[in-house]
Amino acid sequence: MTGQIFLEAAEISTLETAGTVLVPIVRTGDSSGRVTIQYGTSNQTAIAGQDYVANSGTIVMDAGVTRVLVPSTITDDATSEATERFAFRLVNVDSGALTAPRTAQ
C-alpha cells in the first residue's frame with residue numbers, strides 16, 4: 001500500500017490571463033513506495049482547443065513525495081464571457097487507494 005491519493009481541492013480558480021493552472025495531487029498515509037497516477041481533462045462549459053488545452057497522461061510520486069502539481073494550460077481568447085469550467089480527473093493509480101475528491105473543476 002502506498003497511501004491514499006486524491007486532489008487537494010474539488011474547485012480551483014484562476015484568471016484566463018494566467019496561462020496555466022496548477023492542479024495539486026496529494027498523498028496521505030503510507031508514502032514509502034512509488035505511485036504512478038493517470039489523469040485527464042474533459043470539457044464542461046470550457047471547450048478544449050478554444051478555452052484550454054486538453055491534457056492527459058501520467059505522473060509519478062516517488063517514495064516520500066506527498067504532493068505534486070500538474071500544469072494545465074488555459075487559453076486566453078480575449079473574449080468577455082461568464083466563468084468557464086473544465087474537469088481535471090484522476091483516472092487510476094497503480095498502487096495505493098484513489099479516494100475523493102477525484103475530480104476538480
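These legends describe close-up views of a predicted model. Local features need pLDDT of at least 70 and side-chain atom pairs count only at pLDDT 80 or more, while totals for chains, interfaces and linings use all residues. Residues are numbered from 1 along each chain as its sequence is written, and side-chain values use heavy atoms, with hydrogens and water left out.

**View A. Tyr39 and Phe88 form a stacked aromatic pair.** A search of the whole structure finds two aromatic pairs. Rings of Phe, Tyr and Trp (its six-membered ring) pair if their centres lie within 6.5 Å; planes under 30 degrees apart count as stacked, over 60 as edge-to-face and the rest as tilted. Here the centres are 5.3 Å apart, with 15° between the planes. Tyr39 lies in strand S3 (residues 35-43) and Phe88 in strand S6 (residues 86-93), so the pair ties together parts 49 residues apart in sequence. Strands (E, at least two residues) are DSSP runs, numbered from the N terminus. Tyr39 has a relative accessible area of 12% and is buried; Phe88, at 2%, is also buried. Buried means under 20% relative accessible area, exposed over 50%, partly exposed in between (1.4 Å probe, protein chains only).

**View B. The rings of Tyr52 and Phe86 are stacked.** Their centres lie 4.1 Å apart and their planes at 5°. Tyr52 is in the loop between S3 and strand S4 (56-61), and Phe86 is in strand S6, so this pair links parts 34 residues apart in sequence. Both residues, Tyr52 and Phe86, are buried.

**View C. Four strands form an open sheet of mixed pairing.** The order is S5-S2-S1-S7. Two strands pair if DSSP finds at least two bridges between them. Strands S5 (67-73) and S7 (97-98) are the edges, each pairing on one side only.
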